[in-house]
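Let's take a walk through this protein chain together, one stop at a time.

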Amino acid sequence: MPKDAAVEEFAGLVRALKARDGRSYEALGRRLSVSASTLHRYCSGATVPEEFAVVDRLALLCGADEEERRALEAAWARADDARRPPVPEPRGEPAPEARTEPTAAPRPEPGPERAPSPGPAPGPSPEPAPELDPVHARVPDLPSERRRRRWGWPGVLGGALAVAGTLALGAVLLPGKAPGRPAAPPAPLTWTVASDLWENGCGHTYLARRTPPPPPEAADARRWAAAQGAVDGGKTLVRVSVQGKGTAAVVLQALHVRVVERGAPLPWTAYRMDDGCGGAVTPRRFEVDLDRPRPVARARDGYDASGQEGRTLPAVSFPYAVSVGEPEELLVSAGTARCDCRWYLELEWSSEGRRGTVRIGDEDGAPFRTSGAKGRPVYGYDSAGRAWITGEDSGQGG
């Protein structure tokens with residue numbers, strides 16, 4: 001299928017979902033935690049979301065059945081492949097000249113192979129992608145398999161959390177992965193993670209070694225940050241959607257924060273992504289201070305300003321019950337000013353007499369990473385001048 005046709009096919013399915021629901025872009029965007037303009041770009045084909053999760057949530061919100069969701073996911077995969085830029089042809093060494101071997105002389109015995117001499121470079125090579133500074137206390141055998149679980153129907157979740165993590169790893173990892181220990185019971189729930197989120201869809205700070213290209217759309221933040229080797233500056237927002245696998249209720253007992261690596265804040269420059277940022281909805285959330293020796297996620301009230309009169313969204317407490325038809329959503333805001341921290345979430349569950357813990361990392365299973373940005377040079381992007389310009393100190397960043 002041609003690239004443009006694949007993107008248009010996907011955009012047409014998204015438009016059909018939006019038309020079926022009948023709500024405005026702004027109203028649907030609030031339910032999906034994306035801006036109205038971002039949702040409009042999905043419908044027009046100007047942008048293809050980096051992850052299927054947000055589109056699957058739209059499908060559920062608009063009443064799509066399982067067959068429609070499978071067709072939508074297949075169309076998204078084709079459009080996502082079409083959107084990716086082609087791999088450039090390698091440049092550099094000229095083709096080696098043809099050589100002829102003498103026919104009369106006997107061939108010598110083969111000796112050790114020698115590396116070919118590099119040919120003349122056509123020009124300055126592009127600078128390699130930056131490598132992240134290592135921090136001490138790296139933990140071996142961290143999970144890395146990419147998870148593409150589907151998002152459940154978003155229900156905003158908040159609550160007080162129990163005791164959180166220490167510098168040591170928790171004893172329970174993902175089911176059946178700890179050598180020499182009995183396998184943990186398979187978890188009767190699924191979850192989906194989004195960790196490259198921006199405050200209200202537009203406000204965020206990254207730390208980078210060198211001047212990056214212009215800010216991306218929020219939907220492309222993950223790919224942009226990975227290409228620059230950028231790290232969340234001062235704050236990381238994580239959204240977890242949790243859903244049971246069957247009809248039996250699964251009770252979410254508590255959520256813990258496990259810091260597995262600590263180092264000094266990265267000595268890099270801070271780049272702010274927002275260009276005039278305002279938001280209508282601040283949902284209930286958990287806030288985590290990673291600078292504490294034992295970080296604890298604490299529930300905070302949210303605020304909904306979408307109506308004529310704003311209303312507070314009060315924090316609620318664990319435990320929560322989820323099932324295949326009753327998912328829940330968790331939003332965690334973790335901040336630091338004094339460390340380069342790598343950390344996980346661990347969610348305790350119980351169901352039908354069984355208990356367990358699931359470890360939640362980023363979309364690739366790696367720990368989340370947040371570095372303090374206090375005191376670093378801060379730049380914002382001037383859209384008119386198409387250049388990064390210096391700004392005020394961002395404190396912890398956002």
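Start at a pair of cysteines: the torsion about the S-S bond of Cys 339 and Cys 341 is about -110 degrees, so their disulfide is left-handed. A disulfide here is a pair of cysteine sulfur atoms within 2.5 Å, and in this one the two sulfurs of Cys 339 and Cys 341 sit 1.7 Å apart. By that rule the count comes to one disulfide. Before we go on, a word on what you are looking at: this is a predicted model, in which local features need pLDDT of at least 70 and side-chain atom pairs count only at pLDDT 80 or more, while totals for chains, interfaces and linings use all residues. Residues are numbered from 1 along each chain as its sequence is written, and side-chain values use heavy atoms, with hydrogens and water left out.

Cys 339 has a relative accessible area of 5%, so it is buried, and Cys 341 counts as buried because its relative accessibility is 0%. Now look for Cys 62, which is in no disulfide; the nearest cysteine sulfur, in Cys 43, is 9.2 Å away. Seen from the other end, the sulfur closest to that of Cys 43 is the one in Cys 62, and 9.2 Å is too far for a bond.

Time to zoom out. The chain has six helices and 19 strands; helices (H or I, at least four residues) and strands (E, at least two) are DSSP runs, numbered from the N terminus. Of the chain's 398 residues, 45% count as buried. Contact means heavy atoms within 4.5 Å, and if you take the contacts with a separation of 6 or more, 80% of them are between residues 24 or more positions apart.

Next, find helix α5, which covers residues 66-83. The expected span of a helix is 1.5 Å times one less than its number of residues. At the start of α5, a side-chain oxygen of Asp 65 comes to within 3.3 Å of the backbone nitrogen of Glu 67.

Which residues of α5 are buried? They are Arg 69, Leu 72, Ala 75, Trp 76, Ala 79, Asp 80 and Ala 82. Looking down the axis of α5, you'll see these buried residues fall within an arc of 155 degrees, so they line one face of the helix. That arc is the one made by the directions from the helix axis to the C-beta atoms. The face of α5 turned away from the buried side carries the exposed residues Glu 67 and Asp 81.

Now for the inside. In soluble globular proteins, nonpolar side chains tend to be buried together. A nonpolar core is a set of buried Ala, Val, Leu, Ile, Met, Phe, Trp, Tyr and Cys residues joined through side-chain atoms within 4.5 Å. The largest one has 32 residues, and those with the most contacts inside it are Leu 189, Trp 343, Leu 345 and Ile 360. A second, separate core of 26 residues includes Ala 6, Leu 28, Leu 72 and Ala 79. Back at Trp 343, and leaving aside neighbours within four places in sequence, its contacts include Val 238, Val 257, Leu 290 and Phe 368.

Ala 297 is in strand β10 (residues 297-300), and it counts as buried because its relative accessibility is 1%. Ala 297 and His 256 are 41 residues apart in sequence, yet 7.1 Å apart in space, C-alpha to C-alpha. Ser 323 is in the loop between β13 (320-322) and β14 (328-335), and at 11% relative accessibility it is buried too. Beyond its neighbours within four places in sequence, Ser 323 touches Gln 243, Gly 244, Gly 246, Thr 247 and Ala 248.

Finish with some backbone angles. Most residues other than glycine have a negative phi. Glu 352, though, has a positive phi near 50 degrees; you'll find Glu 352 in the loop between β15 (340-351) and β16 (354-360), exposed with a relative accessible area of 69%. Arg 386 has a positive phi of about 55 degrees although it is not a glycine. Arg 386 is in the loop between β18 (378-382) and β19 (387-390), and at 70% relative accessibility it counts as exposed.

Methods
Buried < 20%, exposed > 50% of the residue type's maximum accessible area, 1.4 Å probe, protein only. Polar contact = N/O pair within 3.5 Å; in protein donor to acceptor, adjacent residues only side chain to side chain.
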